Amino acid sequence: MKGELISWNGRIIAPQELEMPLPELLAAHYVYQRVHTLAGRTLHLAAHLDMAVCAFQYIYGVRPDLNENSIAEQIAGTLRTNRYPSHGSATVLLCLFPREESCDFMVMCERPLIDKGYTVSSLRPRAASYEYDIPYSSFPTGFQLSAARMHDMLALEHGATRSVRRRGDQLISCGESPLFGIKRKTLFTAPLIHGAVDSIERHLVIAAAAKAKMDFLEEAVPHSELKDFDELFYADASGITSLSECDGAKFMSLLVSRLIAKF
């Protein structure tokens with residue numbers, strides 16, 4: 001959140017102490033993970049760090065040495081310093097910025113969450129789709145976040161609040177988050193080789209579908225068949241958000257509650 005203290009390479013500082021203004025830094029090149037914390041503990045931290053390290057190594061050719069226990073303490077300390085509720089949930093942004101032979105590591109609190117743990121959002125936004133591509137589209141990068149913010153702003157011009165990334169007839173993601181569709185109790189999501197966003201929440205949804213005994217197809221939702229789908233949703237660090245509408249097609253929100261219960 002704006003004005004809050006951050007952790008930079010393990011040291012709590014004010015954003016004004018950075019060599020570059022924070023907005024410019026967040027518009028630069030980096031790898032990130034958005035994590036869910038509950039009572040100061042980061043859920044799935046080891047998996048998040050592994051995903052960040054693998055992405056950083058692939059893009060920058062350097063494998064950062066991140067200590068899970070140290071980073072867990074940095075996250076908890078940053079939350080305490082910014083007086084986040086000690087028993088609630090929050091989302092926190094972890095960023096790895098390239099530096100010669102290594103990286104700079106930043107922890108930034110984003111927002112406290114009303115409910116504890118992963119939940120289905122009570123808000124059901126409208127979405128508009130846009131055809132665009134970005135470098136390293138399957139990886140969690142600053143490119144991904146910047147492109148999502150820009151297209152979300154474009155969506156406002158069409159009476160929507162979220163943007164869906166489209167590649168030809170394939171719906172790939174909702175902003176920087178993996179997009180899912182449900183048709184007759186079968187879960188759909190675009191494969192990574194088609195540019196879909198990889199994330200911990202993507203894996204959680206797919207695993208939850210298996211536990212809920214739902215069929216699963218790693219196929220993108222076709223834009224031309226949107227009206228044949230019952231539900232359309234995305235998953236992020238707060239949980240699941242069900243879309244009410246996309247490009248004129250309207251959707252229900254029924255089976256997502258079964259999925260979130262299996263997280």
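This is a predicted model: local features need pLDDT of at least 70, side-chain atom pairs count only at pLDDT 80 or more; totals for chains, interfaces and linings use all residues.

Q: What volume does the largest cavity have?
A: The volume of the largest cavity is about 140 Å³.

Q: And which residues are closest to its centre?
A: Those are Y32, R34, E176, S199 and E201, out of 16 residues that line the largest cavity.

Q: Which elements give two or more residues to that lining?
A: Strands β3 (31-38), β11 (177-183) and β15 (231-236) do, along with helix α5 (200-211). The most comes from β3, which gives three residues to the lining.

Q: Nice. Changing topic to helix α3: how far does it reach from its first C-alpha to its last?
A: Helix α3 covers residues 68-81, 14 residues in total, and reaches 20 Å. That is close to the 20 Å expected at 1.5 Å a residue.

Q: Which residues in α3 are buried?
A: The buried ones are I71 and Q74, then I75, A76, G77, T78 and L79.

Q: What goes on at the start of α3?
A: There, N67 has a side-chain oxygen that comes to within 3.1 Å of the backbone nitrogen of N69.

Q: And which residue takes a positive phi just after α3?
A: That would be R83, with a phi of about 60°.

Notes. Residues are numbered from 1 along each chain as its sequence is written. Side-chain values use heavy atoms; hydrogens and water are left out. On a 1 Å grid over the protein atoms alone, a cavity is a set of points where a 1.4 Å probe fits but cannot get out, and a pocket is an open set with protein on both sides within 12 Å along at least five of seven lines; lining residues have an atom within 4 Å of a point. Grid points are joined across faces, edges and corners, and a volume is the space filled by probe spheres set on the points. Helices (H or I, at least four residues) and strands (E, at least two) are DSSP runs, numbered from the N terminus. The expected span of a helix is 1.5 Å times one less than its number of residues. Buried means under 20% relative accessible area, exposed over 50%, partly exposed in between (1.4 Å probe, protein chains only). A polar contact is a pair of N or O atoms within 3.5 Å; within protein, one must be able to donate a hydrogen and the other to accept it, and residues adjacent in sequence count only if both atoms are side-chain atoms.
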